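Hello,

Here is the structure you will be taking over. My notes follow below it.

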Amino acid sequence: IDIDYFKMVNDEYGHIQGDLTLKEFASILKKDARESDHVGRWGGEEFLIICPETAIEGAATLAEKLRKTIDEYPFTHVGHKTASFGITTCSDDCTFESMINRADKALYSAKEAGRNKVAQLV
């Protein structure tokens, strides 16, 4: 998950407000993720949610729910923000690295499609 145009938050409002926005964003993810999901910050303004034993359809449903919640959320001081999502699945023979690479490709596909989208790569 990547917060769209996040650099503008730091540039316009400063890094302290940027950090507060990241915390608000993380709170949304944690609140709306299921108890079995693992939510974490991947770096910068990117986040990762690992959904064990979840089919791609379930991950897509969760991602779309989160995308919509973020799109409608009034972030403190910065207002409207959106996020792009890349989702994939992991079979028994995949590695963490290959799963991350596929999710990253899907994320870039969502960004290329106009941002504030969910894209998947199986």
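**The largest pocket**

The lining of the largest pocket draws at least two residues from each of β3, α3 (56-72), β4 (83-88) and α4 (96-112). Helices (H or I, at least four residues) and strands (E, at least two) are DSSP runs, numbered from the N terminus. This is a predicted model: local features need pLDDT of at least 70, side-chain atom pairs count only at pLDDT 80 or more, and totals for chains, interfaces and linings use all residues. Residues are numbered from 1 along each chain as its sequence is written, and side-chain values use heavy atoms, with hydrogens and water left out.

A pocket here is an open set of points on a 1 Å grid over the protein atoms alone, where a 1.4 Å probe fits, with protein on both sides within 12 Å along at least five of seven lines; lining residues have an atom within 4 Å of a point. The largest pocket holds about 600 Å³ of space, a volume being the space filled by probe spheres set on the points, which are joined across faces, edges and corners. Its lining has 26 residues, and Leu48, Ile49, Gly86, Thr88 and Ala103 are nearest the centre.

Leu48 is part of strand β3 (residues 46-50). Beyond residues up to four places away in sequence, Leu48 touches His38, Val39, Gly40, Trp42, Phe96 and Ile100 (contact means heavy atoms within 4.5 Å).

**The nonpolar core**

The largest nonpolar core has 24 residues, and Ile1, Phe25, Leu29, Phe47, Ile49, Ile70 and Phe85 have the most contacts inside it. Such a core is a set of buried Ala, Val, Leu, Ile, Met, Phe, Trp, Tyr and Cys residues joined through side-chain atoms within 4.5 Å. Buried means under 20% relative accessible area, exposed over 50%, and partly exposed in between (1.4 Å probe, protein chains only). At least two residues of this core come from each of α2 (15-32), β3, α3 and β4; α3 gives the most, with seven residues.

**The cysteines**

One disulfide was found in a search of the whole structure, a disulfide being a pair of cysteine sulfur atoms within 2.5 Å. Cys90 and Cys94 form it, with their sulfur atoms 1.6 Å apart. The torsion about their S-S bond is about -75 degrees, so the disulfide is left-handed. Cys90 is partly exposed at 40% relative accessible area, whereas Cys94 is buried at 18%. Cys51 is also buried, at 18%; its sulfur is 12 Å from the closest cysteine sulfur, in Cys90, which is too far for a bond.

Regards
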